[in-house]
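Here are my notes on this one, written as numbered points. Have a look at the model first, then read on with it open beside you.

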Amino acid sequence: NNQRLFVARDITQLHRTNRIRSDFVANVSHELKTPITVLRSYLETMSGQQELCPPTWKNGLQQMLDHVKRMQNVVEDLLTLSKLEQSNHVEERKPVVVSAMITDIHRLAKNLEDHSEHIFVLEIDTNLEILGSTNELFSCFSNLVFNAIHYTEARGVIEINWYRDESGAHFSVTDNGQGIPAEKIPRLTERFYRVDRARTRALGGTGLGLAVVNHVLTRHDATLYIESEVGVGSTFRCDFPLESMSNNQPDSANDRTA
Ligand code: ADP
């Protein structure tokens, strides 16, 4: 009836609790960093001098080393997340040459691949740059490309696109891998969420990669769009608004490599 309701709620307590939670995670991760590094370096030294160790230790040493490496990855990802959580905006945005970054990620991905012979198809607008943080965007885009490799069988096809349209700039990775059930998609960016826990752990995943991706995108006023079908494949797309584009030449050069 042409009336309005104005609601104000004091969320100080909620804000404080969130702050305590993120400080706690950051402090614990920071405290664990050094002991884990020490453990890892001793274990690596011992594994390298197996002739000095009783043969029955071999298996145990290897298992300890594998788990310490995984712990180190988790702690590093948690520290990255804590840093990203400190604010919702990148303070100092600089022009980022995304095409060069994609070429680096592609090279890195090919080196890391253990002969799975994925086929990469790259379609990149070489004139398209955005304003942002190079380190954060590298971490975001590389997470998506490495996930596509991890969750796509050998000789699968991975497409990487960097393009613009009337709504802004877009980075997308499409694979023809195992896909994700529709009901699980909304939970993917939660910390430690994995679709198949046992399998992902075996692959060395931390379950934090997409949480990092989501935070980086929020800090760039961008959003993550996920489309997937089990047995068909997945597309992860980062949508950047028009304002984040640092140059606006309409006639862009497109590079296509396979
Ligand atoms: P992880 O370190 O486990 O890969 P992420 O946060 O990067 O953590 O991903 C969360 C989960 O999302 C993964 O465990 C996996 O189940 C699923 N996932 C991510 N990318 C893909 C993909 N390209 N294809 C299928 N599943 C994926």
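What follows is a walk through cores, helix pairs and a few single residues.

1. Before we start: this is a predicted model, so local features need pLDDT of at least 70 and side-chain atom pairs count only at pLDDT 80 or more, while totals for chains, interfaces and linings use all residues. Residues are numbered from 1 along each chain as its sequence is written, and side-chain values use heavy atoms, with hydrogens and water left out.

2. Start with the inside. The largest nonpolar core has 48 residues. A nonpolar core here is a set of buried Ala, Val, Leu, Ile, Met, Phe, Trp, Tyr and Cys residues joined through side-chain atoms within 4.5 Å. Buried means under 20% relative accessible area, exposed means over 50%, and partly exposed is in between (1.4 Å probe, protein chains only). F141, V145, W162, F171, C238 and F240 have the most contacts inside this core. Its largest share, 8 residues, comes from helix α4 (residues 134–150). Helices (H or I, at least four residues) and strands (E, at least two) are DSSP runs, numbered from the N terminus.

3. Which residues does F171 touch? Not counting residues up to four places away in sequence, F171 touches I102, F141, L144, V145, I160, N161, W162, F236, R237 and C238. Contact means heavy atoms within 4.5 Å.

4. Now a helix pair. Helix α1 (residues 12–48) and helix α2 (residues 57–85) pack at an angle of about 150°, with their axes 8 Å apart. That makes α1 roughly antiparallel to α2. For the cut-offs, under 35 degrees is roughly parallel, over 145 roughly antiparallel, 65 to 115 roughly perpendicular, and the rest oblique. Axes are lines fitted to C-alpha atoms, for helices over the stretch in contact, and angles run from 0 to 180 degrees between N-to-C directions. The residues of the α1–α2 contact divide into 16 nonpolar, 7 polar and 6 charged. In that count, Ala, Val, Leu, Ile, Met, Phe, Trp, Tyr, Cys and Pro are nonpolar, Asp, Glu, Lys and Arg are charged, and the others, Gly among them, are polar.

5. Back to α4. The axes of α4 and helix α6 (residues 209–219) come within 9 Å and cross at roughly 140°, which makes α4 oblique to α6. On the α4 side, the residues that meet α6 include E136, L137 and N147, and their partners in α6 include G209, V213 and R219. This contact divides into 8 nonpolar, 4 polar and 2 charged residues.

6. Is α6 mostly covered or mostly open? Mostly covered: 8 of its 11 residues are buried, among them A211, V212 and V216. What covers those buried residues includes α2, α4, β6 (223–229) and β7. Just after α6, D221 takes a positive phi of about 55°.

7. D175 is found in strand β5 (residues 168–175) and counts as buried, at 9% relative accessibility. D175 and I149 are 26 residues apart along the chain, yet their C-alpha atoms are separated by 8.2 Å. S244 lies in the loop between β7 (233–241) and β8 (254–257). S244 is also buried, with a relative accessible area of 4%, and, leaving aside its neighbours within four places in sequence, is in contact with E129, I130 and L131.
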